[in-house]
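I opened the notebook to look up charged pairs, pockets and helix packing, in that order. The entries follow.

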Amino acid sequence: MKKITACIALALISFTSIGCDRFLDIQPEGKVIPVTVEDYRKVLTSAYAKYPTHKSLTALRTDETYLDETLNEFNVYREIAMWKDTNNDAATMEFPWVKFYSVVFYLNQIINEGSKTMMDSPEKQQILAEAYALRAYTYFDMVNLYGKPYNSATASTDKGVPLSLEIDLEAVLKPSTVQEVYNQVHADIKKAEDLMVAEKQPLDISYRFSKISLNALQARIALYQGDWNKALQYSDQALAMKGSLTDLNTTNTLPNHYASAEAIMALDAVFDDAARNLSYASPELISKFNTAADKRFGMYFEKKNNKYKIIKKGTADFKVSFRTSELYFIKSEALLKLNRLDEAKQTLLKVAKNRYTPDGYTSVQNTVALMNVAELMNFILDERFREFTAEGHRWFDLRRANQKEIKHIVNGKEYILQQNDPRYTIEYPMSAKKNNPNL
């Protein structure tokens with residue numbers, strides 16, 4: 001096994017230094033060298049635990065929120081809401097970069113070294129499957145932060161993110177193309193599919209990947225790539241394993257709770273306390289709700305002095321990566337794109353029935369029945385806007401759908417993200433570019 005440390009490897013990758021955990025401080029003496037499945041499960045648990053909370057930051061760039069300028073933390077986040085990614089104020093929070101590659105380092109260690117040292121067993125297969133799946137998820141998230149939205153005509157030349165797959169001190173990392181990153185994501189998913197043992201994960205470890213969450217990830221990837229047949233295929237496969245929805249007419253459990261009827265995987269802290277405390281729901285978001293008929297409204301928002309706080313929590317109980325309602329939305333959109341309009345409507349209405357009062361649902365049902373293709377597509381996007389409030393979907397939906405114009409008022413000044421603005425692709429953080437001239 002190579003006598004290197006996580007700190008050294010990451011430093012030579014030229015991102016920046018981070019603290020090292022004892023299991024990846026791989027020294028010949030005085031340290032624990034992971035060998036067994038028990039050792040590598042601990043390494044993998046560390047990788048899960050370090051997964052970045054970047055989706056909280058994307059919410060501040062969308063039309064979902066605006067900032068509370070009275071709080072001390074305002075200066076830390078204000079330039080995110082201004083879409084200012086260059087020449088930032090020193091106080092500005094950066095989108096994660098090192099944290100992503102820290103997770104990747106752990107996963108590379110499992111894939112490259114653990115595959116050799118762990119004894120063959122179903123648990124070894126499961127650990128390796130999860131490592132491949134989490135690496136695919138990591139690069140998928142990164143390329144959708146720092147790369148252009150997937151476009152089959154330009155993906156082979158659009159800049160993506162560097163791919164680090166080996167523990168190689170001599171490697172000189174340069175950005176791969178968007179297509180190359182997606183190719184690697186699909187390759188890792190194929191490895192994960194071949195190895196995955198667990199169909200579902202128990203509630204107390206639902207942050208881990210399984211067969212159903214791997215299908216959910218593939219459905220989302222296909223959605224972002226506009227591969228409608230695969231989006232339909234993988235959403236159907238996941239829904240066959242779990243298709244339940246939370247009925248907001250009969251329960252007060254939020255659908256994004258890790259123990260809700262529709263929970264699949266609970267890894268991402270999608271709207272952490274900092275983002276929640278610092279922001280209000282935008283008037284545009286509030287205007288999208290039928291406040292009397294939509295059961296989500298009272299569960300998602302709380303009115304305070306003519307403003308609305310988003311009260312979908314950011315605590316550990318509300319970590320969410322995949323849930324069944326997303327699969328219904330993906331399936332509906334895929335059916336629509338495949339010219340199966342009536343099926344698309346019926347799929348979407350399965351979610352609506354669980355979100356609106358009975359009278360409200362009847363009204364929605366009657367409205368949807370009269371919609372043409374373009375109208376239903378707009379309705380799907382509006383329903384996603386409502387359904388996934390502050391769950392980290394909106395920024396990516398805007399990127400792949402219409403890249404609309406957004407206006408934010410910060411310190412009394414209007415800032416505009418123009419339609420199709422290049423800033424819909426977030427720039428590499430300044431700290432990363434300073435430490436690696438190849439970026």
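For the charged pairs I took a salt bridge to be a side-chain nitrogen of Lys or Arg within 4 Å of a carboxyl oxygen of Asp or Glu. The model is a predicted one, in which local features need pLDDT of at least 70 and side-chain atom pairs count only at pLDDT 80 or more, while totals for chains, interfaces and linings use all residues. Residues are numbered from 1 along each chain as its sequence is written, and side-chain values use heavy atoms, with hydrogens and water left out.

**Entry: salt bridges**

I searched the whole structure and found 36 salt bridges. A network of salt bridges links Glu 262, Asp 294, Arg 296, Lys 312, Arg 323, Arg 355, Glu 383, Arg 386, Glu 387 and Glu 391.

I then looked up single pairs, using helices (H or I, at least four residues) and strands (E, at least two) as DSSP runs numbered from the N terminus. For exposure I used relative accessible area: buried is under 20%, exposed is over 50%, and partly exposed is in between (1.4 Å probe, protein chains only).

Arg 220 and Glu 326 form a salt bridge in which the closest N and O atoms are 2.8 Å apart. This pair links distant parts of the chain, with Arg 220 in helix H8 and Glu 326 in helix H13 (residues 324-337), 106 residues apart. Both Arg 220 and Glu 326 are buried.

Arg 78 meets Asp 89 in a salt bridge at 3.6 Å, N to O. Arg 78 lies in helix H4 (residues 74-81) and Asp 89 in the loop between H4 and helix H5 (98-117), 11 residues apart. Arg 78 is buried at a relative accessible area of 15%, whereas Asp 89 is partly exposed at 33%.

Lys 148 and Asp 158 meet in a salt bridge at 4.0 Å, N to O. Both residues of this pair sit in the loop between H6 and E2, 10 residues apart. Lys 148 counts as partly exposed at 46% relative accessibility, and Asp 158 is buried at 9%.

**Entry: pockets**

I searched on a 1 Å grid over the protein atoms alone, where a pocket is an open set of points at which a 1.4 Å probe fits, with protein on both sides within 12 Å along at least five of seven lines, and lining residues have an atom within 4 Å of a point.

The largest pocket holds about 530 Å³ of space. Its lining has 30 residues, of which Tyr 51, Pro 52, Thr 53, Pro 96 and Lys 99 lie nearest the centre. Helices H2 (37-49), H3 (54-59), H5, H10 (273-278) and H18 (430-435) each give two or more residues to that lining.

The second largest pocket has a volume of about 300 Å³. It is lined by 19 residues, and Lys 148 is one of those nearest its centre, along with Tyr 146, Gly 147, Pro 422 and Thr 425.

**Entry: helix H7**

Which residues of H7 are buried? I noted Val 178, Gln 179, Val 181, Tyr 182, Gln 184, Val 185, Asp 188, Ile 189 and Ala 192. These buried residues pack against helix H6 (122-146), strand E2 (159-162), strand E3 (175-177) and helix H8 (211-225), where contact means heavy atoms within 4.5 Å.

**Entry: helix H9**

In H9 I found Trp 228, Ala 231, Leu 232, Tyr 234, Ser 235, Ala 238, Leu 239 and Met 241 buried. Their cover includes H7, H8 and H13.

Technical notes: Points joined across faces, edges and corners; volume = space filled by probe spheres on them.
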